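Q: I'm new to this structure. Could you walk me through one part of it up close, and then show me what else is worth a look?

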Amino acid sequence: MKIPTPNLWPAARTGQRWLVQAKRRETVIDGHRMVYLEKGTPAAGRPTVILMHGFAAMKENWALWLQRLPEHWHILVPDLPGLGESEYRSDANYGYEAQASRLEAWIDTLATNNLHLVGSSMGGAIATVLAHKMKPAPASLTVLNSAGIPEHTDVDLNAPFKSDRDAILIPRDWAGVYRMFNSVGSGRPTAMGVAMTGLLGPDLLQRTVSLRHIFNDMLADALAPARYLGHRTPPLQVQWGDRDVITPTRCVDWYRKVTPEADIHVFRRVGHLPMLENPGRSARKLAAFIERHSAGDQHR
């Protein structure tokens with residue numbers, strides 16, 4: 001008889017929310033129930049910072065930053081539609097453009113005049129598209145190991161795009177979950193990788209169909225974010241890990257080519273998730289950047 005594996009993640013998620021002193025909120029955008037965390041309150045001139053997680057991830061990826069970012073900030077951390085606690089719909093489009101449009105509708109309801117977008121991996125790609133669609137533009141954009149960026153500077157952005165990353169990012173069994181959690185770090189087995197396999201494995205293995213759907217929608221216009229980058233890009237910070245095997249460090253060359261004024265930081269001995277692997281340094285870099293670019297005189 002096969003003994004079912006307990007899913008401990010919902011209880012752990014609640015405990016983590018208590019530790020970071022954030023409130024759980026819900027809203028509805030484009031027919032999706034979207035769950036998000038809120039820490040702090042909006043006020044005139046105070047930064048409102050939106051943190052967007054990556055593929056097959058969730059809002060809790062930002063927990064170590066929530067403990068380190070300035071206490072006076074107003075921080076919003078959504079589970080992006082289709083992922084985490086937010087609703088998945090089999091009839092929806094989850095490409096970068098579609099997700100950016102959903103979030104834009106949500107942002108339009110926020111009372112802030114000092115908005116900053118931050119995204120990791122897939123979230124970085126969505127944040128990039130969103131930053132260029134919004135009117136007015138956000139005060140700043142920060143990406144961490146962003147998806148949607150070419151690995152070479154001479155790539156045709158409109159050519160068909162193929163990717164084998166789904167072999168890592170969509171686990172089909174426990175071995176795949178273990179491989180995923182060690183690949184998104186520095187590529188080497190770690191104690192945290194083992195722990196995350198046990199904690200999040202049951203949840204991930206229930207999402208194979210939805211993850212495949214979301215991945216295929218992303219792949220349909222995989223380099224859309226790169227097409228937006230250029231002279232219209234808001235003040236930009238780029239954070240990257242030099243041991244990333246998902247979005248290699250050579251992607252940073254694209255930013256150096258098309259956004260030469262970007263504030264770029266490449267962290268040594270860090271993989272795909274700087275906010276988890278080097279939370280102190282990456283949070284300090286973000287805090288200094290946002291304080292430099294706070295725009296209290298903007299009006300939405």
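A: Let's start with Ile-264, which counts as partly exposed because its relative accessibility is 23%; buried means under 20% relative accessible area, exposed over 50%, and partly exposed in between (1.4 Å probe, protein chains only). This is a predicted model, where local features need pLDDT of at least 70, side-chain atom pairs count only at pLDDT 80 or more, and totals for chains, interfaces and linings use all residues. Residues are numbered from 1 along each chain as its sequence is written, and side-chain values use heavy atoms, with hydrogens and water left out.

Ile-264 sits in strand S8 (residues 263–267); strands (E, at least two residues) and helices (H or I, at least four) are DSSP runs, numbered from the N terminus. Setting aside neighbours within four places in sequence, Ile-264 is in contact (heavy atoms within 4.5 Å) with Val-238, Val-252, Tyr-255 and Arg-256. Thr-142 is 122 residues away along the chain, yet its C-alpha atom and that of Ile-264 are separated by 9.8 Å.

Now over to helix H3 (residues 96–107). Buried residues in H3 are Tyr-96, Gln-99, Ala-100, Arg-102, Leu-103, Trp-106 and Ile-107. They lie on the same side of H3, because they cover an arc of only 160 degrees around the axis, taken from the directions from the helix axis to the C-beta atoms.

One of them, Trp-106, is in contact with Thr-27, Ile-29, Met-34, Tyr-36, Ile-50, Leu-76 and Pro-78, leaving aside neighbours within four places in sequence.

Methods. The expected span of a helix is 1.5 Å times one less than its number of residues.
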